[in-house]
Structures are given as structure tokens and as C-alpha cells.
Amino acid sequence: MDYRNAGVDIEAGYKSVELMKQYVKTTARPEMLGGLGGFSGAFSMEGFKSMEKPTLVSGTDGVGTKLKLAFLMNKHDTVGIDCVAMCVNDIACAGGEPLFFLDYIACGKNYPEKIAEIVKGVADGCRQAGAALIGGETAEMPGFYPQDEYDLAGFAVGIVDEKDMITGADLEPGDTLVGLASSGVHSNGFSLVRKIFDMTQESLDTYYPELDGKLGDVLLVPTKIYVRALKNIRLSGVRIHACSHITGGGFYENVPRMLKDGVCAKIDKNSYPVPPIFRLMAQKGEVEEKVMYNTYNMGIGMVLAVRPEDVEKTMQAARDAGEYPYVIGKIEEGQKGVILC
């Protein structure tokens with residue numbers, strides 16, 4: 001009896017590491033110390049000494065049950081982007097610059113080529129965010145996960161000068177809300193998605209004219225990474241007063257997190273185009289509108305509050321980063337919360 005007979009293939013683990021190295025190298029930053037394969041990842045902070053009060057900000061998250069679609073479609077090269085996005089968008093939301101990322105993959109059986117595909121997506125996400133992939137872990141757990149399934153989670157660390165943190169303290173009535181378009185469902189609410197649609201190959205391969213594509217392809221589109229857009233806005237001289245990453249809980253849970261007491265966010269639902277996938281989900285699943293806005297991003301992945309005089313500069317900086325910004329509402333006096341009208 002040996003470890004391989006127990007279900008853990010150490011040689012497959014070695015092969016996975018070798019296959020993923022080509023992708024990890026593409027995320028390198030000059031602050032990276034050492035290479036892949038050590039017991040820990042090292043990152044120099046020497047270059048940030050000029051900050052008055054350098055402050056570390058962090059984020060951790062996973063992809064959730066969106067992975068079920070990846071299993072069914074046998075497509076594993078984009079879920080890594082989702083994993084990175086869920087972590088670095090939260091860091092950017094606080095005004096931070098993502099520095100490095102670590103991933104954790106737990107699987108029932110280590111198929112090196114599949115693991116390498118997952119890490120390829122992680123590396124793609126890291127490059128979009130400007131973060132270095134400095135390490136990770138692949139855990140083969142036979143008997144705990146089915147052979148063809150895995151879980152994927154990650155952890156990111158960023159930095160911001162304390163004076164530049166986005167905290168909501170500067171928020172004022174009259175501030176304008178700018179929304180940055182999402183790429184679709186992103187990585188939240190897939191437990192409901194899987195109730196609305198049959199999770200079969202036939203269902204996922206169904207072409208919907210209103211989606212201009214197959215259902216599975218549209219649902220699997222990776223989460224937008226907004227790091228570059230927020231950095232562009234900051235470099236344009238705009239002070240972002242508050243920021244909210246629209247993830248699980250939709251508008252009703254996430255927008256209030258950017259608010260301080262005494263103000264509310266008023267959002268016009270008709271101020272931007274809602275992607276067809278959400279209308280299809282509401283129709284097929286007979287999901288009430290409030291539930292949709294309390295579960296999904298509904299087409300807006302990030303909400304920013306800026307001074308009215310900074311709106312055009314904010315919009316242009318976002319466009320220059322490849323995003324689609326919309327003026328979606330404003331901040332008013334009132335009880336802390338969000339009003340959708």
C-alpha cells in the first residue's frame with residue numbers, strides 16, 4: 001500500500017506545477033522574490049516607502065457553484081479569472097492596488113492538464129489586475145471531492161496610502177453615482193441560476209437569440225476586473241467618495257455598505273441597459289424584480305460616488321480603461337439604504 005493506491009498521485013502534483021509555471025511567469029512583478037515551488041511566496045515592500053502611511057488591504061473569495069457549469073461544459077480556463085476578480089475588485093473598492101495573489105485548488109483527482117488550465121485563468125486574472133501570482137496550493141482529496149470536481153478559492157493583498165483609502169467618510173448629499181457595466185452574472189447567485197435552468201449539456205448548449213449565444217457560454221463569461229478603471233479614475237485627479245462592488249446580495253445588500261449614516265443612494269433602474277440574461281432568468285424562473293436586484297448585479301458590477309463636477313472626468317477615465325460607465329443615480333439625505341426607482 002502506498003499514497004498513490006490511497007488516491008493521491010504525488011507525481012501528478014509535480015507535473016501540475018511544471019505545467020502551470022509558464023502561466024505564473026507571465027504575472028511577475030519586480031517586487032517578487034524567489035520562484036514557484038517554495039513553502040511561501042515573498043514580495044518586497046521596498047518600493048512603497050514613499051507612501052506616508054502604507055496600508056495593506058486584503059480580500060479572499062471563491063468562485064462558488066459557478067464551477068458546476070465549468071464541470072458540465074468541461075471548460076476550466078476562465079473560472080480562475082472569476083476567482084481573482086472577486087478578490088481584487090474588493091481591494092480596488094477600498095482604493096488599493098492589488099500586489100499579489102495566491103490560489104487554492106482542492107480536487108478529487110489531480111489531472112495535471114486540467115489544473116494547468118485552471119491556473120491559466122488565474123494568471124489571466126492576475127495580469128488584468130496587475131497582481132503577481134506568487135504561490136498557491138493544489139490539494140488532492142480523494143473521497144472528499146468527486147474525481148472530476150474541484151473547488152477554487154484565492155487570497156489577494158494590496159496596498160494603499162491611508163489618506164487615499166475609499167471609506168465613504170467623504171460622501172455628501174448631491175454626489176453622483178456612476179455605475180460600471182458588468183460582463184453578465186459574474187460569480188454570484190448561481191445556486192438560483194441552477195434552479196432556473198436545467199443543468200444539462202443540452203440546456204447549456206441551447207442557443208437563445210436574445211442572448212446572441214449559447215446559454216452556457218453566456219453564463220460562464222468571467223467576472224469583470226475593475227482594477228485598471230479605478231486606477232485610471234484616481235490618476236485623473238478624481239477623489240472617489242465611496243465605492244461598492246456589486247456581488248452576492250445585489251444592490252440591496254452591497255450599496256448600503258458604501259454609505260455613511262444620514263445618506264441614502266437613489267438609483268434609476270432605467271439609466272443603463274440591463275443585460276438580456278437577467279431578463280431571461282426573471283422570465284424563466286418567475287423571479288420577482290426585487291429578488292433579482294437582491295441577488296444579482298443586474299448589469300452594474302461597481303458603483304462609485306463622485307462629486308457632480310467630476311462626473312465627466314470619471315466617465316472618460318473609465319472608458320479609457322475599456323469600461324462602460326453610466327450615471328445611475330445620486331446620494332441624498334435620508335435613512336441609510338438604497339432606493340431603486
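Visitor: Which residue forms a salt bridge with aspartate 170?
Guide: In this predicted model, the partner of aspartate 170 is arginine 239, and the closest N and O atoms of the two are 3.1 Å apart.

Visitor: Where in the chain do aspartate 170 and arginine 239 lie?
Guide: Aspartate 170 is in the loop between β6 (150-161) and β7 (176-181), whereas arginine 239 is in the loop between α8 (227-235) and β10 (242-245). The pair links distant parts of the chain, 69 residues apart.

Visitor: How many salt bridges does the rule count?
Guide: The count comes to 18 salt bridges.

Visitor: Now the domains. How is the protein divided?
Guide: Domain 1 covers 3-39 + 50-164, and domain 2 covers 175-340. Their C-alpha centres lie 24 Å apart.

Visitor: How many residues are in contact between them?
Guide: On the domain 1 side 27 residues are in contact with 28 residues of domain 2. The two domains bury about 2,400 Å² between them, with 66% of that area on carbon and sulfur atoms.

Visitor: Which three residues supply more of the area that domain 1 buries than any other three?
Guide: Those are Lys66, Leu69 and Asn89, which supply 25% of the area that domain 1 buries against domain 2.

Visitor: Which helix gives the largest share of the domain 1 side?
Guide: That share, 10 residues, comes from α3. At least two residues each are supplied by α2 (67-73), α3 (79-93) and α4 (112-129). By class, this side of domain 1 has 14 nonpolar, 6 polar and 7 charged residues.

Visitor: Changing topic: how many aromatic pairs are there in the whole structure?
Guide: The search finds 6 aromatic pairs. In one of them, phenylalanine 43 and phenylalanine 100 have ring centres 5.2 Å apart.

Visitor: Why is that pair tilted?
Guide: The ring planes are at 45°, so the pair is tilted. Phenylalanine 43 lies in strand β2 (residues 42-43) and phenylalanine 100 in strand β4 (residues 97-107), so the pair ties together parts 57 residues apart in sequence.

Methods. Residues numbered from 1 in each chain as written. Predicted model: local features only at pLDDT ≥ 70, side-chain atom pairs only at ≥ 80, totals over all residues. Heavy atoms only, no water. Domains from an automatic or database assignment. Contact = heavy atoms within 4.5 Å. Buried area = accessible area lost by both parts, 1.4 Å probe. Helix = DSSP H or I, 4+ residues; strand = E, 2+ residues; numbered from the N terminus. Nonpolar A, V, L, I, M, F, W, Y, C, P; charged D, E, K, R; others polar. Phe/Tyr/Trp six-rings, centres within 6.5 Å; stacked < 30°, edge-to-face > 60°. Salt bridge = Lys/Arg side-chain N within 4 Å of Asp/Glu carboxyl O.
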